[in-house]
Amino acid sequence: MDSKTKIISIGAQDSDERLTQLLAPAAEVIRRGGLVAFPTETVYGLGADGTNPDAAAKIYEAKGRPSDNPLIIHISSPEEAEEYAYTNEVYYRIASAFMPGPVTVILKAKPTVPERTRGGLETVALRCPSHPIAKKLISLAGVPIAAPSANISGSPSPTTASHVIDDMMGRADIIIDGGDCDFGLESTIISAHESEGVVLLRPGRITVNDIQALGIEVRVADAVTDRLREGEVALSPGMKYRHYAPSAEVILLDGDGKGRYEYISKIKGKVAVIAYSEEMEPYKALDGVCAYDFGSSEDKLGQAHRLFDILRTADKENYDVIFAPLPSTDGIGLALYNRMIRAAAHKIIKL
Ligand code: TXA
Ligand code: MG
């Protein structure tokens with residue numbers, strides 16, 4: 001089964017000409033309705049022709065993803081959105097500040113987007129990535145690329161080619177190995193299709209402050225920080241599904257470094273701890289505890305870059321529990337908080 005998937009490796013030093021040459025077969029696969037996993041500046045995506053409903057069906061099947069969970073359409077320039085959506089002023093303000101880049105905007109869809117690609121919704125998510133491989137692949141394919149994160153549904157998004165290989169070998173036609181993703185968490189999603197206002201549905205590299213600095217009033221959807229209440233309809237269908245969850249129980253500890261250490265040192269069993277670099281040392285002396293370096297407590301970009309790799313690595317070790325610090329919710333912290341409370345299924349212990 002594995003022999004079905006071809007891996008194409010691309011180095012950062014490859015020239016534009018070489019990039020075109022290496023990506024030509026992948027662009028051909030997209031045009032023919034196949035699946036190509038590719039790197040972006042956020043996480044790896046599993047791409048297919050965004051105008052082809054049968055190709056979208058293949059994505060859902062490969063990921064084991066419910067078909068009511070819509071896909072993001074990746075375009076090669078912000079203006080291309082005109083072809084697929086009813087754009088507005090908010091879209092162009094965000095686009096001129098942050099595209100190409102790690103942001104996705106939800107607009108009312110035009111009929112050019114197949115219903116299956118948008119999970120039956122009236123709206124469509126549009127993103128113009130900045131990663132040179134993603135950009136080149138979209139322009140060579142000559143069609144927009146529908147792509148969710150290239151993981152099996154429910155597991156953390158892949159941030160390295162080896163994560164993609166773990167999940168998509170035998171499922172995708174081509175996996176493009178373009179090295180590690182820069183940011184490491186998925187794009188910021190902003191809903192801008194309603195007259196009632198602009199809503200942040202998923203926090204990411206582009207922060208609430210970044211959006212407000214453009215003079216746009218933005219509300220953070222409750223589901224970003226809270227659990228959906230019984231019967232509540234998710235603004236973004238993806239919010240209602242279990243996410244980023246390793247098979248071990250994940251518990252977030254709300255306290256300082258000393259409090260976390262004291263708590264963990266009393267735990268019996270095979271446990272892992274995700275610890276800030278400056279707090280790593282004492283854990284090394286604890287029996288039965290394996291510590292993963294999350295980066296310095298001040299370095300939120302470093303933490304975002306490492307989080308999914310740590311969760312995937314730890315998941316292979318069959319720990320009883322994985323403990324992690326509860327992040328603050330300011331700036332990029334909100335993106336970390338959002339992913340981590342979902343990995344922990346909202347289990348937080350106040351120390
Ligand atoms: O960084 C990213 O955004 C990555 C890379 C590959 O571009 N993509 C990504 O896609 O994270 P995915 O499918 O894993 O997450 C997209 C989220 C899902 O939760 C989905 O429900 C939501 O976006 N979404 C897509 N279209 C939507 C729409 N029209 N309205 C509301 N939410 C939407
Ligand atoms: Mg995803």
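**Close-up views of a predicted model**

**View 1. Five strands form an open, parallel sheet in the order β15-β14-β16-β13-β17.** Strands are DSSP runs of E of at least two residues and helices runs of H or I of at least four, numbered from the N terminus; two strands pair if DSSP finds at least two bridges between them. The edge strands, β15 and β17 (348–350), each pair on one side only. This is a predicted model: local features need pLDDT of at least 70 and side-chain atom pairs pLDDT 80 or more, while totals for chains, interfaces and linings use all residues. Residues are numbered from 1 along each chain as its sequence is written, chains are lettered from A and ligands numbered from 1 in the order written, and side-chain values use heavy atoms, without hydrogens and water.

**View 2. β14 runs parallel to β16 (residues 321–325), joined by three bridges.** Val273 stands opposite Phe323 in β16.

**View 3. Tyr276 and Phe294 form a stacked pair, because their ring centres are 5.9 Å apart and their planes lie at 15°.** Rings of Phe, Tyr and Trp (its six-membered ring) pair if their centres lie within 6.5 Å; planes under 30 degrees apart count as stacked, over 60 as edge-to-face and the rest as tilted. The pair links distant parts of the chain, 18 residues apart. Both Tyr276 and Phe294 are buried (under 20% relative accessible area, with a 1.4 Å probe and protein chains only).

**View 4. Two lysines lie over tyrosine faces: Lys110 over Tyr86 and Lys270 over Tyr319.** The criterion is NZ of Lys or CZ of Arg within 6 Å of the ring centre and within 35 degrees of the ring normal. Lys110 is at 5.2 Å from the ring centre of Tyr86, and Lys270 is at 5.2 Å from that of Tyr319.

Conventions
Buried < 20%, exposed > 50% of the residue type's maximum accessible area, 1.4 Å probe, protein only.
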